[in-house]
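Hi,

Here is the structure I said I would pass on. Have a look at it first, and then read my notes below.

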Number of protein chains: 2
Amino acid sequence: MNKDIRLQEPENKKILSSFLGLNQKKHKKNQKEKINDMSKNISLTKKYIYHFGPEFTEGSLEEKKLLGNKGSNLAEMSRLGLQVPPGFTLTTEFCNVFLQKKQKLNECDKKSIKQAIEHLEKVTNKKFNDKKNPLLLSVRSGATISMPGMMDTILNLGLNEHTVKALSELCNDERFAWDNYRRFIQMYSSVVMKMNSSLLEVYLEDYKNQKNYFSDSEISAEEWKQIVYQFKESILQNTGQLFPEDSWEQLWTAISAVFKSWNNPRAVTYRKMNGENSSDGTAVNIQSMVFGNRGNNSATGVVFTRNPSTGEKSLFGEFLQNAQGEDIVAGTRTPFLIVNTKQNDKKDLKTLMPSMFKELKELCAKLERHYKFVQDIEFTIEQNKLWLLQTRNAKCNIQAQLKILFDLYKEGVITEEDILQKIEPNSLNNLLLPSIDSKDGNTVLAKGLPASPGGAIGKVVFSAEKAVEYNKKSLPVILVRAETSPEDINGMIHSEGILTLRGGMTSHAAVVARSMGRPCVVGCESADIDEVKKELFFKSQLIKEGDEITLDGSTGEILLGAVKMKAPYLDENFFKLMNLSDKYSKLQVRANAETPTDVKKAKEFGAKGLGLCRTEHMFFESDRINIIRKMILSESSEERQTFLNQLFVMQERDFYDILKIMSPYPITVRLLDPPLHEFLPHNLKDIEKLAETLEIDKNKLIFKIKSLSESNPMLGHRGCRLAITFPEIYLMQVKALSSAMAKILKEGKKIQIEVMIPLVCESKEFEILKKLVHKEIQKSEEDFKIKLPITIGAMIELPRACLLADELAKHADFFSFGTNDLSQTVFGFSRDDTGKFLSSYLHENILDQDPFSKIDVKGVGELMKIAITKARAVKKDIKIGLCGEQGGDPDSLSFFHILGLDYVSCSPYRIPIAKLAIAQCNLKNKRN
Amino acid sequence: MNKDIRLQEPENKKILSSFLGLNQKKHKKNQKEKINDMSKNISLTKKYIYHFGPEFTEGSLEEKKLLGNKGSNLAEMSRLGLQVPPGFTLTTEFCNVFLQKKQKLNECDKKSIKQAIEHLEKVTNKKFNDKKNPLLLSVRSGATISMPGMMDTILNLGLNEHTVKALSELCNDERFAWDNYRRFIQMYSSVVMKMNSSLLEVYLEDYKNQKNYFSDSEISAEEWKQIVYQFKESILQNTGQLFPEDSWEQLWTAISAVFKSWNNPRAVTYRKMNGENSSDGTAVNIQSMVFGNRGNNSATGVVFTRNPSTGEKSLFGEFLQNAQGEDIVAGTRTPFLIVNTKQNDKKDLKTLMPSMFKELKELCAKLERHYKFVQDIEFTIEQNKLWLLQTRNAKCNIQAQLKILFDLYKEGVITEEDILQKIEPNSLNNLLLPSIDSKDGNTVLAKGLPASPGGAIGKVVFSAEKAVEYNKKSLPVILVRAETSPEDINGMIHSEGILTLRGGMTSHAAVVARSMGRPCVVGCESADIDEVKKELFFKSQLIKEGDEITLDGSTGEILLGAVKMKAPYLDENFFKLMNLSDKYSKLQVRANAETPTDVKKAKEFGAKGLGLCRTEHMFFESDRINIIRKMILSESSEERQTFLNQLFVMQERDFYDILKIMSPYPITVRLLDPPLHEFLPHNLKDIEKLAETLEIDKNKLIFKIKSLSESNPMLGHRGCRLAITFPEIYLMQVKALSSAMAKILKEGKKIQIEVMIPLVCESKEFEILKKLVHKEIQKSEEDFKIKLPITIGAMIELPRACLLADELAKHADFFSFGTNDLSQTVFGFSRDDTGKFLSSYLHENILDQDPFSKIDVKGVGELMKIAITKARAVKKDIKIGLCGEQGGDPDSLSFFHILGLDYVSCSPYRIPIAKLAIAQCNLKNKRN
């Protein structure tokens, strides 16, 4: 393809129209020559319009960034020779220019689009705005990322008083024509004229009620005409504007509105939630209409090439006869299945339209092989002709996704590497979440469709606002809606689970919930809602706002109260994936953990050691906190030693347990880090209670706490600074560790220990403490008569440590970046205080991301680079790891991979994610 | 000279002794050849022994680092052909090896020293440890830096039961010989055997009292013999050791003790106070004795080539006939003057020993010309022969120093550049200190010698410990002592001024006080002290510990209570020096100031603008604090605007005043920086009071304060973060500034404004705020119909700002490093909290310096370098300044000079220091 063709300049007009109608393959050479000629005379701008369709296709899947997901897939399908209604795509770059600069189409834009329409007229043999054979269009958004239902779509564009008559005559179906017209008016008025869409819906509903009509199909052509005039009247009254009769006017305004819908609030929220870049823009796809509503030999539907909920290999989806696409997505009519396995109710595509089903099945197989993944396909059948309107990789729950990928691998469709690359690492999170264990004793209130698996417990709320409000108070909620719409997105984010009364497995709620990994039950039609009274009625039970229920997203059951949850069950595919990840990884993954439970969990999830064992966490446990307090408050060194000895016994036991579990993998033990005042209470009530418990004078205690308190504890007397002024605690910790290690070794087990000194800012500081620690280890070696293979390293968490990494590397056996604290000092952000301004920074796009979740490559990352370069210049093979929050974030990991770290350490639940992300980095690297 | 001769190895012994006695000049070539031969056969170590004296001298002033101050000066004087008693220097490197490795002399060392002694025996024609013509030695410390009285000295070494008799016979003066012996015993026992020296002194004092002797000279030879035996007896009893009779034994132990004295506590304290490196070590000078105590044609004295107190060109000093050096320095006998200008009491060197005076005067002139500075010379006259024992640059007060340097320049001895280089920048501090204004109404208690100028007010204390104790409570003290000794050094540091009852202008107290710039009065013999009762008796008044007195170090007066002080008087020489500094400077110096008083002062001291005008300081004044509080507590934006309008009026007036004073120089205005909670009270009492004053509900106020409070305010919601969430304050400030500037410009004055955005961490943040500020300036430009030349820059005080300096430089008109905050985040030190550990870090030499006083070159400096390189790569000529505390520190300035900053900004009182330091950097650079 010639991607360099640049259009849009008026000067190009003639040249463009001269080859638009031509077969691309034949005239490739000609085109190139002409372009070369052009480039000599005029300044070219970027190519903004890409055609697709059976006859002429310019884009492909490779232009996804430029054409959006939908546009590039339409081009790709065209290229595969599949039946796609012809059309063209306005690129995301066009969108960006539109949004940034002008916010409306200029004459030059319009001319270019008109030329594209002319081409469309040629290939369809219809004419836009024509009174005889009118070309009707769909205008759809299509961003690079999939944002289901987030942005706007208009169908049947081009209809007006004249063209509707032409359509009617052409199809010999007046009812069909006017039904299309009223659909267009509803969509256009809502999207472009910002008319409250429910006003027209209510009118229609009232009309049907008056007439005792059960469905739209009972409305006659004449009635639709009346309704259309009523709609137009209502639009004039409510918006003060006449509904436009000029088809071109309709087109220009529709394109502008769809571009602008990129920045509508629900789309912005969706992108924020998904961490997507808000400067990408959306493409717009303008496509000739095909009609699923031209009688019972027409239909529209959605099909998944495999079951996205279970991974089962069978077509899965829904369709409606004599309907247009939005009838399905909106979930207002309950559709038929593509394949119905139930014996009793055998209405499905296979039975109703067998030849169409056969064609569809073949197409599905072809697309799946081509895209190497389960596809989510939109199709329309117009008078027994099958058209494909969209295909995309299906959103599945992670269990299903794993099954499908390993199945496709077995089928020879994909490779091992494909498996690794096709899984979004964060989606593994859902695998590790708890599910419902036992429902014994809990009433099953009702059953809906199991739209997104997992168990969720929460208090019932009936609006997105309430969900947010409860969430702020840390109350988990279940959002219950008749059906969800994109406006509910924020409420869904803040819910544990979602329940809708209407809609099918491909309804808005179902799609979004699956993509978020939220348990979801849809189509629970046996229940009813009173939104005013805030009540939810089940057959046996009335539920009010705030009442607790449980959703089982895997079965579709709704249960009263909170049921027993169980730890996640990790199936065979999970472990296969982990093994596969290890096979393709260099960077090791360890865990941040210190309780035996967490350490066990970490090992189960595949951790190859502990990268951060925070010794002070052990001090906070209820049986120890008062001992460490007494130690801090000691007035003589003898007294202090007594309490240190008590702590020694406890800590040695803790270390023994942890070492035993993690053997033979290495364990990085960080010595005491927080300032001592963190162990003491700070409000008067707690202080009084402690004074009583410890039998000490209250005022003395207050004085001691005051003398320890600091203005900025984060930058205060903590970390290794404590050990410089007060070495006894470190000595106790090292002794406990050495002693535990000696015991483990004597039991014949293998273990490696890395003692990590926190908050180092200067090499002399590290030297002194290394000597101190080393001496204590030697003592234990003599006592236990055994060699203890302990290395001593520095936690690199201050800018100065990075800048002096060469000096530190001379003395340190290893480095471990503490990116939490490093981010705090590099930004000058106290994590505890960012609440006051960080959200503004993210909202105003000053920062793209929370630097405490994703590594800040430009600042923190730059310092890490400096440190690594300096350290390796002095000690080529120094082991360098990382133990900040960002160690479990896939984006950050791809940076850490480039940095050449030896290991990262993250919380146990992030380990599978990290392992997969790292394998992906390696594969990406291999390719580049 | 051949500096490469390496001795010390036993193999060198013969070669060494073969040429030690030879005339160096004649045999230079021979030596070289021999050395070359040697180097073929043996491995050479460093040369550790350097000879000096009229006949053979190896070192010179250039070897100061190796030979110490005294040793290199002795070599230099020998080289000039002056009469210096021959001897040799053990180098500082020898000291370091001694201290680090062995702490005692090995056989190899001893052999080398014995060879050097053999040489000394040849040139003096005496023999060490000889029973007929014994060679006696002085053993003196001599570090590279001058540390008056800080380390140990032993005279008359070599005396024992045998040699004392030989000396007695040789000099035909038994009394002389035994007096020397008892002096040796006193010094040796104290220095080497760690005998409490006061025990022997008290014995001697008691003896004289019993005998009713007024001075030592009344003690006969026979009596001295008895005293010597009593001394030895007392030493045995108190130390358990016999006083050594073997002269060699005496020598080895003396050398070791002097080396070790490098690390005695008072020397360590002194070096710490002066920021000197503690790893330099001291040289040891071993010199043949000359005797100032061989009768009245002998004398010992100290002479300054000019008056170190006034700078007047006339010999200034003191001497004692028939005495040894320590008699003067100790201040126990009041000596005669070298030149006495008073008519009535004409006992001076000129009248008592006229030919010696003439010779001394010529020597003084010669040395001053050679050293290009006023000299502080120790001399001894032995039976009408003048010997020079030491010369060094005299310590003068800064006024005197300036006068002397400009005089020497006029005399053609030195150049302009010499003037700039010979002044320690920090010494200018003393010029800027207040002095006594009026003594009206204050009783003059007594008058002593004006040893160090300036006025000091404080509470009387009688010990160093008390001085420190009072100082901790921030109570200024005057340290009063009968006479000071090096043990008092720490007390002197913590005093405003020093008063001693005994000692002359060159006594310990006088010398040290002058070097510290502390006002000092010495020799106030009319007063008396009862150290036990802690009382100070003047003729008319009893002063107790804690009573307040004033010292006038310029007149010697002691006054009751606190007298009125006046601002420093800056004489002509000061301004000459400033002009000279400007002539040799590139880096501009500005001031950190915001009150009209400070801004005026800054301009007077030579500031070329303001580099940091902290707008929030204006808010803290009593008439404003409640307005800003009301603004913070406002509940509606209208209410808030009311208070902002009030603040606007005040701030506009402030800016107007400041701009008017500083015109035409540039002013950098930093917009609001501290977090809002800093403006609110934090303890309950103040909160209650404020609630009452502002007539608001106490609980509401408490709630508001709580909601604003932060865990780590240093890393919190402050600086430009406030402006992102709450832009109104910045807008008000910029409006006030623009308005004030417009008025000044309309008055026909020139002014440049630089608006500085604090705490920037990201370029988008800066972009947004620059736009905001710029818009407000434009508004004012329209309102006042005048162009406002305001630039907008970023304060670089976070690591991330340094690392992203290229991005920031694209938008910022200028940068200013805020090294205070930058040091906090680079080290992870909260300045408010370092008290808990920084002293330990300095004490244990983990850090060489307080990074908040001197720039940390390795860490903070490295980041600055990165920032400057990145910024200049994008915007070559971007103006880059600095406004941290370190901007007034000479050491830091030499680094900033290398960095290529455009300006530094410091507190007004540091400006002269900074200017001089910068000129010195430039000269240094020019030379290199």
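In what order do the five strands of the open sheet in chain A run? The order is 1-2-7-5-6, and the pairing is antiparallel. Before you go further, keep in mind that this is a predicted model.

If you're new to sheets, here's the background: strands pair through backbone hydrogen bonds, and they can do that either parallel or antiparallel. At the edges of this one you'll find strand 1 (49-52) and strand 6 (153-157) of chain A, each of which pairs on one side only. On average, neighbouring strands of the sheet are turned by 20 degrees against each other, if you ignore direction.

Strand 5 (residues 137-143) of chain A pairs with strand 6 of chain A in the antiparallel sense, over three bridges. Look for A:Leu137, which sits opposite A:Leu157 in strand 6 of chain A. Then find helix 5 (residues 107-124) of chain A: it lies across strands 1, 2 (87-90), 5 and 7 (282-288) of chain A, and runs at about 160 degrees to strand 2 of chain A.

Now for the two chains together. A rotation of 180 degrees, with 0.2 Å of shift along its axis, puts chain A onto chain B with an RMSD of 0.3 Å. The two copies are therefore related as by a two-fold rotation axis. In chain A, the C-alpha nearest that axis belongs to A:Asn712, at 2.1 Å. Both copies use the same surface, too: 100% of the contact residues of chain A recur in chain B.

How much area do chain A and chain B bury between them? About 4,400 Å², with 58% of it on carbon and sulfur atoms. Chain A puts 50 residues into the contact and chain B puts in 51. A:Leu715, A:Arg800 and A:Lys836 supply 15% of the area that chain A buries against chain B, more than any other three residues.

Eight salt bridges are counted between chain A and chain B. For an example, check the side chains of B:Lys858 and A:Glu807, which meet in a salt bridge at 2.9 Å, N to O. Across the interface of the two chains, 27 residue pairs are in polar contact. Several helices give two or more residues to the side of chain A that touches chain B, including helix 25 (698-708) and helix 28 (763-784) of chain A. Helix 33 of chain A gives the most to that side, with six residues.

Cheers

Note on methods. Residues are numbered from 1 along each chain as its sequence is written. Chains are lettered from A and ligands numbered from 1 in the order in which they are written. This is a predicted model: local features need pLDDT of at least 70, side-chain atom pairs count only at pLDDT 80 or more; totals for chains, interfaces and linings use all residues. Side-chain values use heavy atoms; hydrogens and water are left out. Copies are superposed by least squares on the C-alpha atoms of residues with pLDDT of at least 70 in both. Contact means heavy atoms within 4.5 Å. Two strands pair if DSSP finds at least two bridges between them. Helices (H or I, at least four residues) and strands (E, at least two) are DSSP runs, numbered from the N terminus. Axes are lines fitted to C-alpha atoms, for helices over the stretch in contact, and angles run from 0 to 180 degrees between N-to-C directions. Buried area is the accessible area (1.4 Å probe) that two parts lose on being put together, summed over both. A salt bridge is a side-chain nitrogen of Lys or Arg within 4 Å of a carboxyl oxygen of Asp or Glu. A polar contact is a pair of N or O atoms within 3.5 Å; within protein, one must be able to donate a hydrogen and the other to accept it, and residues adjacent in sequence count only if both atoms are side-chain atoms.
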